[in-house]
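Please read the numbered points alongside the model, which is a predicted one.

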Amino acid sequence: MELTAVIRALEALKVPSEVEIHTDSQYVKNGIETWIHGWKRNGWKTADRKPVKNAELWRELEALANRHRIRWYWVRGHADNEGNLRADALANRGVPGR
């Protein structure tokens, strides 16, 4: 879900842009900034030689991210950060039964 959210946000941009992405997901931030380089070097395998989970999403995110100048920011989730609380509320509106 976290990967898909960033992908959809970047898909909405129709021209190359300067972007700030604030995420409470260290998985997304570390993945796109750091881990992806090793995964690609290792043929989309992790350091322990297992296939990277969500590799297709990572490839899609990388292709989209390469079109823009992005600054990635990690914010602590569920810590009364106004933007994070708003994002959680919007995400929950899209969940059936909530």
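1. Helices α2 and α3 are roughly perpendicular to each other, because their axes cross at roughly 100 degrees and angles of 65 to 115 degrees fall in that class. The two axes come within 11 Å; helix α2 covers residues 26–41.

2. On the α2 side, this contact involves Tyr-27, Val-28, Gly-31, Ile-32, Ile-36, Trp-39 and Lys-40, which meet Trp-58, Leu-61 and Glu-62 of α3. By class, the residues of the contact are seven nonpolar, one polar and two charged.

3. Helix α3 (residues 55–65) also packs against helix α1 (residues 2–11), at an angle of about 30 degrees and with the axes 10 Å apart. That angle makes α1 roughly parallel to α3. The crossing of α1 past α3 is left-handed.

4. Helix α1 contributes Leu-3, Thr-4, Val-6, Ile-7, Arg-8, Leu-10 and Glu-11 to its contact with α3, while α3 contributes Leu-57, Trp-58, Glu-60, Leu-61, Leu-64 and Ala-65. Nine of the residues in this contact are nonpolar, one is polar and three are charged.

5. The largest nonpolar core has 19 residues, of which Leu-10, Trp-58, Leu-61 and Trp-72 touch the most other members. At least two residues of this core come from each of α1, β1 (18–23), α2, α3 and β2 (69–74). Helix α3 supplies the largest share, five residues.

6. Which residues does Leu-61 touch, not counting those up to four places away in sequence? They are Leu-3, Val-6, Ile-7, Leu-10, Ile-32 and Trp-72.

Conventions
Residues are numbered from 1 along each chain as its sequence is written. This is a predicted model: local features need pLDDT of at least 70, side-chain atom pairs count only at pLDDT 80 or more; totals for chains, interfaces and linings use all residues. Side-chain values use heavy atoms; hydrogens and water are left out. Axes are lines fitted to C-alpha atoms, for helices over the stretch in contact, and angles run from 0 to 180 degrees between N-to-C directions. Helices (H or I, at least four residues) and strands (E, at least two) are DSSP runs, numbered from the N terminus. Angles under 35 degrees count as roughly parallel, over 145 as roughly antiparallel, 65 to 115 as roughly perpendicular and the rest as oblique. A crossing is left-handed if the near helix is turned anticlockwise from the far one by less than a right angle, and right-handed if clockwise. Contact means heavy atoms within 4.5 Å. Ala, Val, Leu, Ile, Met, Phe, Trp, Tyr, Cys and Pro count as nonpolar, Asp, Glu, Lys and Arg as charged, and the others, Gly among them, as polar. A nonpolar core is a set of buried Ala, Val, Leu, Ile, Met, Phe, Trp, Tyr and Cys residues joined through side-chain atoms within 4.5 Å. Buried means under 20% relative accessible area, exposed over 50%, partly exposed in between (1.4 Å probe, protein chains only).
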